[in-house]
There are 2 protein chains.
Amino acid sequence: MKTLVTGAAGFIGSALVDRLLAAGYTVVGFDNFSTGREWFLQDALRSPGFRLVRGDLVDTAAIVAAMDGVDVVFHLAANADVRFGTNHPTRDLEQNTICTSNVLEAMRITGTKRIVFSSTGSVYGDANVFPTPENAPFPVQTSLYGASKLACEGLISAYCDGFGFTAYIFRFVSILGERYTHGHIYDFYNQLLADPTQLRVLGNGRQRKSYLYVQDCLNAILIALEKAGGKVNVFNLGTDEYCEVNDSISWIVERLGLKPDLEYTGGERGWVGDSPFILLDCKLIRALGWKPSLSIRDGVVRTVNFLTEHPHL
Amino acid sequence: MKTLVTGAAGFIGSALVDRLLAAGYTVVGFDNFSTGREWFLQDALRSPGFRLVRGDLVDTAAIVAAMDGVDVVFHLAANADVRFGTNHPTRDLEQNTICTSNVLEAMRITGTKRIVFSSTGSVYGDANVFPTPENAPFPVQTSLYGASKLACEGLISAYCDGFGFTAYIFRFVSILGERYTHGHIYDFYNQLLADPTQLRVLGNGRQRKSYLYVQDCLNAILIALEKAGGKVNVFNLGTDEYCEVNDSISWIVERLGLKPDLEYTGGERGWVGDSPFILLDCKLIRALGWKPSLSIRDGVVRTVNFLTEHPHL
């Protein structure tokens with residue numbers, strides 16, 4: 001099977017590339033290296049089954065060229081900067097929604113019919129059912145990031161109906177693990193690297209979040225791709241537990257052997273559009289035989305381990 | 001109050017312009033006349049409270065210029081061609097989603113905070129609850145049109161959260177009445193004008209649809225704008241009844257005094273992405289004191305009356 005991975009040099013994308021190559025698939029990795037890192041692909045680049053394409057998803061012709069002979073597209077490339085959405089209000093539309101339309105057009109043009117898509121639990125906005133199932137009440141969007149991913153889901157589903165595509169849409173919680181290069185652990189770690197005595201926390205620290213280890217995330221994607229039989233297959237991906245930001249802080253500082261003073265910016269949200277509580281109902285993916293191997297705590301510690309081993313990040 | 005109406009020369013837009021002027025509001029009408037008709041604005045153009053701007057929503061600077069001093073934006077401009085979505089797969093994204101982003105950006109730039117938006121019952125895809133309420137289970141999109149409107153809703157909601165906007169989002173069934181210039185009655189009427197003995201019907205004629213008379217639609221919008229107090233106010237707009245396409249045909253041919261032979265293309269959907277059943281739960285808007293004045297049958301007949309009085313359409 002020949003696959004195309006967009007965002008191949010990213011945190012999750014590069015881990016997926018390694019897994020696909022290990023499973024014997026041919027992989028075309030597509031990335032514009034706006035946030036991706038070439039060294040994440042250092043193993044892949046030694047594999048005969050891997051080809052790297054430097055390109056931008058704004059360029060549909062470039063995607064068409066890269067997609068030649070591809071059976072499954074894993075579309076992971078995205079602007080994943082949720083927090084600063086209001087600083088650049090059209091970026092999520094441009095880099096997520098429009099680029100996803102371009103990927104779909106390239107698939108239509110090349111006759112490629114299967115797409116795996118990384119959506120987000122943020123599409124539930126401020127959910128009012130916990131744990132939140134895939135068929136939760138029709139949500140109201142609270143972030144430009146969530147809105148852009150919801151728009152992608154809609155486009156993908158409409159292409160399934162209109163052009164006979166099959167889609168595997170995954171609504172992730174935040175993903176942790178090796179090659180993690182943005183998010184709260186990264187921010188906290190870098191703050192503590194600069195000043196081990198102080199830590200500034202956005203919000204009141206009581207935000208309740210769920211996290212998932214990257215290899216568990218990839219296990220779920222590969223199991224669903226093998227077993228899910230629908231036209232538009234939508235799965236939540238997370239653990240059945242949540243932690244407070246304060247819990248995460250305690251695990252991080254314990255691992256680093258630090259006791260910083262904590263300063264809270266206050267409020268139940270860390271930033272505009274932040275969800276004070278995220279917990280997804282993952283019964284659907286579990287029904288296919290998947291379960292996560294790591295707890296949130298183990299995922300956090302493993303992420304800190306990765307960051308301490310790569311201080312140049 | 002100063003208002004801006006996009007799609008001001010369209011079927012619903014021009015009727016809204018007339019209503020706003022009659023209520024004493026100042027109105028800037030914005031239209032690119034791609035499908036709008038200038039004679040729909042012949043009354044408005046005689047009013048001192050009306051100014052027409054010929055412009056395209058792809059041009060954010062033009063919207064900004066037209067929006068000067070505006071309090072409420074009624075964003076009705078859209079590609080409303082649901083049926084041929086798969087013939088031009090990026091048009092709904094370009095003309096609906098991206099243009100809505102441009103309208104929102106113009107509002108952010110000019111400090112305009114209130115937006116009325118014409119969404120669609122198509123965002124429910126193939127609903128599995130009837131009548132379908134606003135908080136129906138998270139839907140899967142089945143048309144590029146519905147997907148593009150859902151994307152607009154998400155963008156608008158995210159701007160409400162991020163920039164303090166207030167939104168009034170209306171999910172319409174199909175709207176009927178004076179100045180109706182596309183849709184099944186228009187298609188049937190024109191077929192019968194060309195050959196009164198034959199009528200070709202898409203699907204099996206058993207599709208169950210709900211329709212609403214345009215002035216009832218506008219009544220609902222104006223009541224909600226006055227009474228709804230939330231940040232993101234979402235309302236279904238429809239009647240509490242539905243009819244089969246075959247019912248509609250019988251009312252049309254009876255009004256015209258014709259007995260054509262009916263030819264069905266077959267299948268429960270008229271086209272890819274057509275919903276075989278649309279019936280919206282309108283309790284929320286009814287709770288504000290609104291109710292429709294015309295039945296579906298009366299709306300259909302009034303639409304045929306309009307078409308017979310304007311055969312040049």
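Author: Let's start with strand S1 of chain A, residues 2–6, which runs parallel to strand S4, residues 72–75 of chain A, and is joined to it by four bridges. Within this pair, A:Thr3 stands opposite A:Val72 in S4(A). Please keep in mind throughout that this is a predicted model.

Stepping back, S1 and S4 belong to an open sheet of seven strands in chain A, paired in parallel and ordered S3-S2-S1-S4-S5-S6-S11. The edges are taken by strand S3 (50–54) and strand S11 (232–237) of chain A; each has a single partner strand, so one side of each is left without a neighbour in the sheet. From one strand to the next, the twist averages 15°.

Helix H3 of chain A, residues 91–110, lies across S1, S4 and strand S5 (114–120), and its direction makes an angle of about 175° with S4(A). Helix H6 of chain A, residues 214–227, lies across S5, strand S6 (166–172) and S11, at about 155° to S11(A).

Chain A is divided into domain 1, made of 2–175 + 210–237, and domain 2, made of 177–209 + 241–276 + 294–309. Taken over C-alpha atoms, the centres of these two domains of chain A are 26 Å apart. Their contact takes 20 residues from domain 1 and 18 residues from domain 2 of chain A. On the domain 1 side, the elements giving two or more residues are helix H1 (11–22), strand S7 (174–176), strand S10 (211–213) and H6 of chain A. By class, that side of domain 1 of chain A has eight nonpolar, nine polar and three charged residues.

While we are in chain B, have a look at helix H1, residues 11–22. Its twelve residues, at 1.5 Å a residue, should span 16 Å, and the end C-alpha atoms are 17 Å apart, which agrees. Ten of the twelve residues of H1(B) are buried, so the helix is largely enclosed by the rest of the structure. Among the buried residues are B:Phe11, B:Ile12, B:Leu16, B:Val17 and B:Asp18. After H1(B) comes B:Gly24, whose phi is positive, near 90°.

That brings us to some backbone details. Most residues other than glycine have a negative phi, and most peptide bonds are trans. In chain A, however, the peptide bond from A:Phe130 to A:Pro131 is cis, with omega near -10°. A:Pro131 sits in the loop between S5 and helix H4 (144–163) of chain A. Chain B has a cis peptide bond joining B:Phe130 and B:Pro131, with omega about -10°, and B:Pro131 lies in the loop between strand S5 (114–120) and H4 of chain B.

For B:Arg179, phi is about 70°, and its place is the loop between strand S7 (174–176) and helix H5 (184–194) of chain B. B:Arg179 counts as buried because it has 20 C-beta neighbours inside 10 Å.

Let's finish at B:Trp271, in the loop between strand S13 (261–264) and helix H8 (283–286) of chain B. With 16 other C-beta atoms within 10 Å, B:Trp271 is partly exposed. Leaving aside neighbours within four places in sequence, B:Trp271 is in contact with B:Arg83 and B:Leu202. B:Ile63, by contrast, is 208 residues from B:Trp271 in sequence and 35 Å away in space, C-alpha to C-alpha.

Terms used:
Residues are numbered from 1 along each chain as its sequence is written. Chains are lettered from A and ligands numbered from 1 in the order in which they are written. This is a predicted model: local features need pLDDT of at least 70, side-chain atom pairs count only at pLDDT 80 or more; totals for chains, interfaces and linings use all residues. Two strands pair if DSSP finds at least two bridges between them. Axes are lines fitted to C-alpha atoms, for helices over the stretch in contact, and angles run from 0 to 180 degrees between N-to-C directions. Two residues are in contact if their C-beta atoms, placed from the backbone, lie within 7 Å. Domain bounds come from an automatic or database domain assignment. Ala, Val, Leu, Ile, Met, Phe, Trp, Tyr, Cys and Pro count as nonpolar, Asp, Glu, Lys and Arg as charged, and the others, Gly among them, as polar. The expected span of a helix is 1.5 Å times one less than its number of residues.
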